[in-house]
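Take a look at the sequence and the structure first, then read on.

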Amino acid sequence: MTTVLIIIAGIIVTGFLAYAIVNFIPKKLHWIISIILIALAAFLVYKINFEILKPIKFNKEKKIKYAKVINNLKILRDAEVAHKKVIGTYTSDGEALIKFLDTAKYALTQTRNVPKTINVGGGITKEIEERVVDTIGYEDVRAYFVGRDYKNMLNIPGTDQKFKIEIGEIEKIAGLKAQVFEIKVDKALILKGMDINLVKQEKEAIGGEEVRGEYIRVGSLTEVSEDGNWPPFYDKGDKKDSE
């Protein structure tokens with residue numbers, strides 16, 4: 001819209017100057033007007049290019065900022081999943097979560113079938129196989145976070161603030177409650193200092209190749225989910241690493 005207004009204003013001003021040159025300005029001063037027109041044309045070209053390139057530059061810088069934030073959210077998500085697997089619950093204590101990654105261990109198990117004789121009544125017995133799970137060792141949870149900066153995962157990149165972890169329970173089926181967690185950050189905080197109008201548009205994004213909504217988020221307090229709301233674009237590096 002701004003670009004269109006600039007073009008319209010340029011056409012009006014150019015038309016006015018052309019009319020003034022023909023009707024009011026002496027011929028000996030036409031060279032001065034020519035210089036003014038050339039300068040005006042150069043200014044309009046610059047402004048139009050600037051307005052065209054501004055959203056392109058914004059999107060490029062935005063993706064760099066988002067990628068850093070999403071990387072930390074992924075580490076936090078994986079840490080919460082590990083905590084629930086070992087302890088049985090999610091946690092809202094970020095510092096305790098870091099300590100957990102430093103000290104916790106996964107139990108390594110092995111499943112085997114053991115023959116067992118049971119009495120089915122009347123002096124009759126029956127041979128069955130009972131599944132038994134044995135713990136055969138332990139593995140550091142930290143081993144799954146090698147090369148990932150989990151010590152700083154609570155920091156929101158590009159800001160002086162930290163992520164807030166929220167946990168809760170939801171009941172999707174009567175009598176059956178599920179634990180949930182959510183970690184989110186306002187896009188405006190991440191994009192602070194950038195074009196206000198473009199930030200406003202960004203917070204209204206509905207999906208596609210964009211992060212949906214006002215926040216960058218992982219998990220949910222309203223549904224059972226450990227997913228983030230970002231598009232697959234931000235997970236491409238993860239696929240390469242897993243290969």
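The largest nonpolar core in this predicted model has 37 residues, with Met153 and Ile216 making the most contacts inside it. A nonpolar core is a set of buried Ala, Val, Leu, Ile, Met, Phe, Trp, Tyr and Cys residues joined through side-chain atoms within 4.5 Å. Buried means under 20% relative accessible area, exposed over 50%, and partly exposed in between (1.4 Å probe, protein chains only).

**The core**
- Helix H2 (30-87) gives this core its largest share, nine residues.
- Helices and strands here are DSSP runs numbered from the N terminus (helices: H or I, at least four residues; strands: E, at least two).
- Met153 touches residues including Asn72, Ile75, Leu97 and Phe163 (contact means heavy atoms within 4.5 Å), leaving aside residues up to four places away in sequence.

**Salt bridges**
- The whole structure holds 12 salt bridges, each a side-chain nitrogen of Lys or Arg within 4 Å of a carboxyl oxygen of Asp or Glu.
- Glu202 pairs with Lys62, their closest N and O atoms being 3.2 Å apart.
- Because Glu202 lies in helix H5 and Lys62 in helix H2, this pair ties together parts 140 residues apart in sequence.
- Asp140 is partly exposed at 30% relative accessibility, and Lys105 is partly exposed at 43%.

**Reading the model**
- Residues are numbered from 1 along each chain as its sequence is written.
- Local features need pLDDT of at least 70 and side-chain atom pairs 80 or more, while totals for chains, interfaces and linings use all residues; side-chain values use heavy atoms, without hydrogens and water.
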